[in-house]
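Subject: Structure handover

Dear colleague,

I am passing on the structure below, followed by notes on what was found in it. Please read the notes with the model open beside them.

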Amino acid sequence: MHIVVCVKHVPDTEAPIRIRADGRGIEEQGLPFVVNYYDEHGVEEALRIKERLGGTVTLVTAGPARAAQALRTGLAMGADTAIHIEDPALDGADHLGVARALAAAIRAQKCDLVICGKLSTDDNAAIVGPALAEYLEFPQATAVTKLELSEDGATAHREVEGAVEVLQVALPAVVTVERSINEPRYPSLPGIMKAKRTPIAVTTLADLGLAPDEAGAASARSEVLGFAPPPQRQAGRVLEGDPAQIVKELVRFLREDAKVL
Amino acid sequence: MDFELSEEHRLVQSTVREWAASRLRPLAAEMDRTASYPPELIRELGDLGLMGVFIPEEYGGGGMDTISYCVALEEIARAEASLAAVLSVNNSLDCYPIFAFGDERQKRTYLPELAGGRKIGCYCLTEPTAGSDAGSLRATARDAGPEWVLNGTKIFVTNGVEADVLIIYARTDPGLHGHGISAFIAEKGDPGLSVGKVEHKLGIRASSTCEIVLEDCRLPQHRLLGERGKGFRIALAALDGGRIGIAAQALGIARASMEDAIAYAKERHQFGRPIAAFQANQWKIADMATRIQAARLLTYRAAWVRDQGRRHTSEAAMAKLYASETAMWSATQAVQMYGGYGYVQDYPVERHFRDAKITEIYEGTSEVQRLVIARQLLDAS
């Protein structure tokens with residue numbers, strides 16, 4: 001069983017985000033980055049399958065030089081090999097471009113299963129996994145909470161409104177996972193040392209047989225026009241005085257200002 | 001010169017930080033109150049490689065360096081200080097001497113178990129009349145043919161209650177100032193070995209501290225660790241590394257004090273504004289941060305010198321001295337900033353204050369560290 005897991009290096013969700021001076025991105029200077037949480041669950045799921053059925057786990061990321069840290073973390077958890085698609089043309093690529101680049105790298109791997117996180121916590125799009133399945137022409141199951149493999153393929157459980165949907169997919173397939181699917185392990189110290197010794201295969205779009213206008217910024221069909229911070233929360237209002245008066249004022253407020261009554 | 005942690009050190013830091021935040025910190029107050037810890041935590045630390053950080057992988061250890069050890073201990077102690085003591089003793093005072101001075105059989109027998117968190121180690125040096133003057137210890141080991149027969153009383157033994165593997169220092173030959181002392185490996189259940197009085201402590205309450213009583217304790221010949229009569233050298237070499245660990249533990253307590261104080265200063269309002277707006281508190285925070293950074297640099301440098309394979313007696317003593325005094329000082333400032341709330345158990349700084357004190361005492365008091373540092377300088381000139 002050869003499993004490929006796509007990982008993304010994203011800003012720590014607990015870190016304060018500052019918008020870049022040009023308004024079209026976020027300031028990365030001093031910002032701590034981590035492996036996208038959903039992808040950590042993806043790595044864990046792949047490692048569990050490997051522990052049950054044998055095989056290898058390959059990590060793939062598309063991103064700048066710093067994204068190698070996400071691969072190192074996954075290797076330290078126990079993945080076997082890692083591929084880093086690093087190409088300046090990917091700056092400004094949209095989700096479809098990234099999916100096309102990942103698909104090209106994965107196609108060369110001859111894998112049985114591709115696992116992605118359900119979404120990445122930086123832009124919450126949940127596009128790359130499904131788009132990847134389309135480019136690879138693999139069946140897909142998204143937001144999976146339980147995955148079982150058999151000779152016939154994979155059985156994937158998805159939590160849908162009020163029920164659990166059970167899908168049977170043929171392999172190779174793309175599966176995107178929810179965080180509830182498992183509890184990711186911590187990298188061990190020997191794992192960290194092994195990750196340090198494992199070479200990461202760095203590849204460009206050209207190496208993958210893609211022209212810059214096929215996957216890079218030049219091919220993007222969507223463009224980020226701007227980032228804005230969420231609106232500041234208004235200060236609360238405290239009503240004071242005689243209880244009868246307060247109730248009257250509260251009802252008026254809820255009806256006329258808040259318009260909830 | 002590069003002051004940044006390497007990629008793998010940062011990975012150790014983030015891993016241990018996450019583990020400690022989710023598994024340890026929520027239990028800290030309860031562990032302090034009940035003076036106990038869930039034993040499965042040791043197994044988890046073993047699985048991560050943290051019970052034998054610098055023991056090579058072939059002996060079941062983490063295969064990393066002393067900097068990693070410091071980074072990990074600071075993160076553990078930031079969450080809860082007692083477990084840092086348990087871990088530090090196991091790493092520096094048990095795994096290390098067995099690895100550095102043990103024969104192949106001893107290494108194969110004990111290291112995988114100790115480094116894997118399946119067994120816990122302790123270090124028995126101090127006696128009722130031999131504290132800072134450890135070289136004057138009185139426990140004896142008599143060569144009785146196929147066995148050694150040990151007699152004496154060891155006190156203030158960290159991990160003593162749970163310990164499966166005990167390194168015991170006893171006198172095999174007459175001598176002054178540490179001469180004639182040998183090191184032995186005892187195991188829980190060895191005849192004549194028992195746990196005596198269990199201490200009730202001011203801080204690091206979740207780790208056990210007790211008396212170990214040796215009454216005609218019989219150990220096979222192959223339990224002698226290192227050369228006969230050279231045991232005190234082993235004890236001191238273990239302490240050189242151990243002190244770097246205690247410095248890292250102290251750093252964790254100091255950082256906990258500072259981080260908690262900062263959070264509280266921003267939240268607590270008096271005179272119509274957060275108390276962080278008062279310069280009296282800003283100066284406390286600035287001084288804590290400065291001292292912590294200085295302590296961390298001393299600690300990392302001591303670890304680095306050790307990793308170069310060089311003698312680090314003085315560097316370790318300086319790091320331990322400065323970091324422990326920084327922990328006590330920072331915890332004192334934090335309690336002061338919390339005021340009345342700092343004196344009660346509803347907030348963690350009261351615990352940091354109690355936990356900090358031991359770092360100025362064990363593995364050599366601050367006075368002993370100064371003695372060690374001064375002796376190096378005076379002997380050199």
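Leaving aside neighbours within four places in sequence, B:Lys119 is in contact with B:Glu113, B:Leu114, B:Asp164 and B:Val165, where contact means that the C-beta atoms of two residues, placed from the backbone, lie within 7 Å. This is a predicted model, in which local features need pLDDT of at least 70 and side-chain atom pairs count only at pLDDT 80 or more, while totals for chains, interfaces and linings use all residues. Residues are numbered from 1 along each chain as its sequence is written, and chains are lettered from A and ligands numbered from 1 in the order in which they are written.

B:Lys119 lies in the loop between α6 (104–115) and β1 (121–124) of chain B; helices (H or I, at least four residues) and strands (E, at least two) are DSSP runs, numbered from the N terminus. B:Lys119 counts as buried because 22 other C-beta atoms lie within 10 Å, the cut-offs being 20 or more for buried, 12 or fewer for exposed, and partly exposed in between, with C-beta atoms placed from the backbone. Although 45 residues separate B:Lys119 from B:Asp164 in sequence, their C-alpha atoms are 5.7 Å apart in space.

Chain B is assigned domain 1 (7–119), domain 2 (122–229) and domain 3 (233–380), with bounds from an automatic or database domain assignment. The contact between domain 1 and domain 2 of chain B takes 23 residues from domain 1 and 16 residues from domain 2. On the domain 1 side, the largest share, 12 residues, comes from α5(B).

Best regards
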